[in-house]
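Please open the model in your viewer and keep the sequence panel beside it. We will go from one selection to the next, and at each stop I will tell you what is there.

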Amino acid sequence: MARASRTQEVVEQVLDAIIDGKLRPGEPLPPEGDLADEFGVSRLTLREAVRLLQAQGVIVQVPGRRHRVAPVAQWTGLESVVRHARSAGERKRSSLELLEVRMMIETGAAQLAAERRSQTDVDAMHELIERMKAAHARTDVAAFVEADLAFHDVILHAADNRILVAALLPLTTMLAETRSETSAVSEIREHAIAEHTAIVAAIASGDRLAARDAMASHMDQTRGDLLEYVHSRR
């Protein structure tokens, strides 16, 4: 267990070195012994980390030569891509990309939730909207974000699809960071409350298309708010 944890730390350290430009795409990795010394681990631990990064498409094996770092566009591991997207230089682009992914996933989740939700789910969503309103009134951004994320989590679980829930898990941290950024703006919180109220009404009605459209409206509103209130002020 300790080795697995240390291996994951090395994976993250290598990713950060790539993101920071210390290791560049297309270039060979430094000699194994040098990397092991730099990260303070055994060669065995380093090799395990490299194998994990190979599985995610971050590092490419070159027969007879040192491995090289692959271009980010060729990475296949969601966690690695998300870590890169969270870096400072990529935040603006990644926040819009995240919304595009949410549009594709969460509109479908809302459709399923309209068919499969229980009254308990509906009650939970109403309660979370009240929490959002209370947090907005006292300008408690952290509490607002917590209630906002919990609202969408109820919808995902109400959709009753295990793969859908698992697909969004690696994006959880990124979602929280993006929400904190947008929810700091009072107008965006007001818009979010209105959009969430429309979503729960559509899901409660059992109308799949209305639920899909309500979620799509929320995503469009969020994108517009992000561009107007956040990106334009940077």
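This is a predicted model: local features need pLDDT of at least 70, side-chain atom pairs count only at pLDDT 80 or more; totals for chains, interfaces and linings use all residues.

Start by selecting Val 230, which sits in helix H11 (residues 208–230); helices here are DSSP runs of H or I with at least four residues, strands are runs of E with at least two, and both are numbered from the N terminus. Val 230 is buried, with a relative accessible area of 8%, where buried means under 20%, exposed over 50% and partly exposed in between, using a 1.4 Å probe and protein chains only. Now show what surrounds it: not counting residues up to four places away in sequence, Val 230 touches Glu 181, Thr 182, Ile 188 and Asp 225, a contact being heavy atoms within 4.5 Å.

Residues are numbered from 1 along each chain as its sequence is written, and side-chain values use heavy atoms, with hydrogens and water left out.

Next, select helix H5, residues 91–116. How far apart should its ends be at 1.5 Å a residue? The 26 residues should span 38 Å, and the end C-alpha atoms are 35 Å apart, which agrees; the expected span is 1.5 Å times one less than the number of residues. Look along H5 to Met 103, where the helix bends by about 30°; that bend is the angle between axes fitted to the seven residues ending there and the seven starting there.

Stay in H5 and pick Ser 94. Is Ser 94 buried or exposed? It counts as buried, because its relative accessibility is 5%. Leaving aside neighbours within four places in sequence, Ser 94 is in contact with Ala 85 and Met 174.

Move on to His 67, in the loop between strand E1 (59–60) and strand E2 (68–69). Beyond its neighbours within four places in sequence, the contacts of His 67 include Glu 27, Pro 28, Leu 29, Val 50 and Gln 54. Ile 59 and Val 60 are also among them. For a distance check, pick Gln 13: it lies 54 residues from His 67 in sequence and 17 Å away in space, C-alpha to C-alpha.

Two loop residues come next. Most residues other than glycine have a negative phi. Thr 139, in the loop between helix H6 (119–137) and helix H7 (141–158), has a positive phi of about 55° although it is not a glycine. With a relative accessible area of 51%, Thr 139 is exposed. Asp 160, in the loop between H7 and helix H8 (162–168), also has a positive phi of about 55° and is not a glycine. Asp 160 counts as exposed at 59% relative accessibility.

Finally, zoom out to the whole chain. It has 11 helices and 2 strands, running α-α-α-β-β-α-α-α-α-α-α-α-α from the N terminus. Its C-alpha trace spans about 60 × 40 × 30 Å along the principal axes. Of the 234 residues, 42% count as buried.
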